[in-house]
Amino acid sequence: MTSTASHSRSLRNRPGVAGVALAAAAALLAGCSSSDDITDPLSEKKPDGGTVVVGSNNFAESILIADIYGEALKAKGIKVSYKLNIGSRETTYGLLKNGSVTVLPEYNGSLLAYLDSKAPQESAEAVNAAVKTKLDSKLTLLDSAPAEDKDSVSLNAETAKKYRLTGESTLEDLKDIAPDLVIGGSPEFQTRQQGLKGLESAYGLKFKSFKALDAGGPLTQAALTKNTVQAADIFTTDPTITKEEFVVLQDPKNLFGFANVTPLVHKSGLSEEGVAALNAVSAKLDTKTLLEMDSQVQLEKKDPLDVAKAWLKSAGLD
């Protein structure tokens, strides 16, 4: 198994998400019942006693998951405030260490790559164990959700239909087909192990050609939609999958590593009841569900707070 040091995203700060995140944050702020819930995202002021501060990074999915965490905690009678749309991991990790943020949605493999770019990633459990040994002593991970937001090889609907491939199909099913397909992705995808090199060494895939586009952004999405490329590196919770009916192929050999949604918490700021509430969220949050909620926020322009509350109610967690 390869390390995710060369993860093709440098996660989450991919093209196009900043504007979506800002719009989602604005919608969230407008939809909150009380402005007292929202605090300055960059403030290092410590929370009042008993208040759990839920933070998010600066992209739409992180804001949505932060809402889910915060509302799940509120359902247990825990006082919550939010610091949303803070910025990148380099900023949020520091705020967690100093205790001005209590809870943050993270992605386990991506966090490990940040803490140790050379660490191997052989299973989700091993990744979490490795993260815990490298975290600041004041921090810990809670249970990981099955939900992942990571790289994938996805096909457009036309190609999937032509070759009779579905969401149950795997990368292994492309072996005889790949020579007929043009694949697209970021320029780095062509030379990275978690890209064409790994697809050939792990699955024996040799594509007709490669088209350099962007890292799962609008260029890649458009090229796949227009059939300029028939396969592409698309992130697994990208709402374009739903909109354009892309087919995400399964990766049984875990070439693309692990990116399970996982709460990162400041130990002293969260009670046992709070830990149990967030672990209950993780137990029920899968990739399909997260993709559906991302689509509601980013395509249907729904308030992420409303989407979070509706899912928690449907899951019996409100």
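Q: Hi! Is Asn254 buried, partly exposed or exposed, and why?
A: Asn254 counts as partly exposed because its relative accessibility is 23%. Buried means under 20% relative accessible area, exposed means over 50%, and partly exposed lies in between (1.4 Å probe, protein chains only).

Q: Before we go on, what kind of model is this?
A: This is a predicted model, where local features need pLDDT of at least 70 and side-chain atom pairs count only at pLDDT 80 or more, while totals for chains, interfaces and linings use all residues. Residues are numbered from 1 along each chain as its sequence is written, and side-chain values use heavy atoms, with hydrogens and water left out.

Q: Thanks! Where does Asn254 lie?
A: Asn254 is in the loop between strand 9 (247-248) and strand 10 (261-266). Helices (H or I, at least four residues) and strands (E, at least two) are DSSP runs, numbered from the N terminus.

Q: And what is its phi?
A: Asn254 is not a glycine, yet its phi is positive, at about 55°.

Q: What about Asn227, where is that one?
A: Asn227 sits in the loop that runs between helix 8 (218-225) and strand 8 (231-233). Its phi is also a positive value, near 70°, and with 25% relative accessibility Asn227 counts as partly exposed.

Q: Switching to the whole protein chain: how many helices and strands?
A: There are twelve helices and ten strands in the protein chain.

Q: How much of the protein chain counts as buried?
A: Of its 318 residues, 56% do.

Q: Last one: what share of the contacts comes from residues 24 or more positions apart?
A: Among contacts (heavy atoms within 4.5 Å) with a separation of 6 or more, such residues account for 78% in the protein chain.
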